[in-house]
Amino acid sequence: MNEMNELLRDKVFLEDVMRNMMLARKFEEQVFDLFGQGKVHGTTHLGIGEEGTGVGTIFALEPQDYALVTHRGHGQVLAKGSPPRDMMAEIIGRETGVNKGRGGSMHLSDIRYNTLGMDGVLGQSCPIACGIGLSFKMRGEKDRVVVVFFGDGSMNQGAVHEAFNLAATWELPVLFVCTNNMYGMSTPLSKVVNDMDLTKRGYPYGIKSYEVDGNDVLATYQVVREAREYIIREQKPAFVVEHTYRTSGHSKSDGNQYRTKEEIAEWKAKNPVIRFTAVLLENGFTQAEIDAMDAETTKIIDEAVVYAESCPNPTATPAELEMEAYA
């Protein structure tokens, strides 16, 4: 409780949290619009409604920590520090993008901020996170962790369980984070698991497990901070389940036929941005200050689009296409 009170008194921190959630929301809404205009090639997956999980988790890390994010991880990458305009340029395939236009929405990464990439092969980032954790351990870097995000739909993937076992056996500094949005594509979690308590998945491996309301960004921050401190202190992995809900579809082509409009409306009313607005108003912020943050973040994203569209297309020749893929 004392820690929460301290957070609520830290106006700079609270504003930073809100700005980052607003940026994540507006960035993805803009990507949605650009996709509709035919300017985003391939497909894209949005995490609208899940901003509390990404911002709360990333803010609990330290700059030296690594992050492996999901295929709907734009907000996670933004929170880690990547400039919106560089990310927007990447998503519409421009040479100035963080991956020179070669990664796009599905495979965006930014090594400058220790973000090692989005991955559309569900659950497969977990073994990679073990490799990163092993590298920390071999170099004696005991002040670093690697966080790997994956969804509830990935929890039944063999690679996740193999990574749990490996991280536990080798005592690796890996923070496994499941963003439980209750649907694997269009399938409800209740139809694919016998027990809805996903924290139990860590028990057989001896992995310390936590769960939190992922739409409560400050609670998420606190729980992940606690989990990180445990990893650093014990030099063992940890597992956090963050309960949330994506109000956007699984992908751009999702018609949302598997859930009701009433269900989506109910969750929109309790999304993390709305909930945190109430927290700010209860703790010294005025509506004018929140409106100013809203206007500022809208301007940042609008300028990112203008910048991205002014940038050149990739210039690589066929012989140079693999230059950014291999060392």
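Trainee: Is Q76 buried or exposed?

Mentor: Q76 is buried, because its relative accessible area is 5%, and the cut-off for calling a residue buried is under 20%. Keep in mind as we talk that this is a predicted model.

Trainee: Which helix does Q76 lie in, and which residues does Q76 touch?

Mentor: Q76 belongs to helix α4, which covers residues 74–80. Leaving aside residues up to four places away in sequence, Q76 touches G54, I58, V69, T70 and F149.

Trainee: Okay, on to charges. How many salt bridges does the structure hold?

Mentor: There are 16 salt bridges in the structure. As background, side chains of opposite charge can pair when their charged atoms come close.

Trainee: What does R112 form a salt bridge with?

Mentor: The partner of R112 is D110, and the closest N and O atoms of this salt bridge are 2.7 Å apart. D110 counts as buried, because its relative accessibility is 3%. The pair is also part of a network of salt bridges that links D86, D110 and R112.

Trainee: And D195 with K200, how far apart are they, N to O?

Mentor: The side chains of D195 and K200 meet in a salt bridge at 2.7 Å, N to O. D195 counts as partly exposed, with 33% relative accessibility, and K200 is likewise partly exposed, with a relative accessible area of 38%.

Trainee: What about E234, which residue does E234 form a salt bridge with?

Mentor: E234 forms a salt bridge with R233, where the closest N and O atoms are 3.3 Å apart. Here R233 is exposed, because its relative accessible area is 56% and the cut-off for exposed is over 50%, whereas E234 counts as partly exposed at 36% relative accessibility.

Trainee: Switching topic: which residues gather in the patch of negative charge on the surface?

Mentor: That patch of negative charge on the surface is where E3, E6, E226 and E229 gather. The elements that give two or more residues to this negative patch are α1 (2–9) and α8 (217–234).

Trainee: Take E229 then, where is E229 found, and why does E229 count as partly exposed?

Mentor: E229 is found in helix α8. E229 counts as partly exposed because its relative accessibility is 43%, which falls between the cut-offs of 20% for buried and 50% for exposed.

How values were computed:
Residues are numbered from 1 along each chain as its sequence is written. This is a predicted model: local features need pLDDT of at least 70, side-chain atom pairs count only at pLDDT 80 or more; totals for chains, interfaces and linings use all residues. Side-chain values use heavy atoms; hydrogens and water are left out. Helices (H or I, at least four residues) and strands (E, at least two) are DSSP runs, numbered from the N terminus. Buried means under 20% relative accessible area, exposed over 50%, partly exposed in between (1.4 Å probe, protein chains only). Contact means heavy atoms within 4.5 Å. Patches are made of residues with over 30% relative accessible area and no salt bridge: like charges are joined within 9 Å, nonpolar side chains (Val, Leu, Ile, Met, Phe, Trp, Tyr) within 5 Å. Accessible areas come from the Shrake-Rupley method with a 1.4 Å probe; for residues, only the protein chains shown count as cover. A salt bridge is a side-chain nitrogen of Lys or Arg within 4 Å of a carboxyl oxygen of Asp or Glu. Lys and Arg count as positive and Asp and Glu as negative; His and the chain ends are not counted. The place of a charge is taken as NZ of Lys, CZ of Arg, CG of Asp or CD of Glu.
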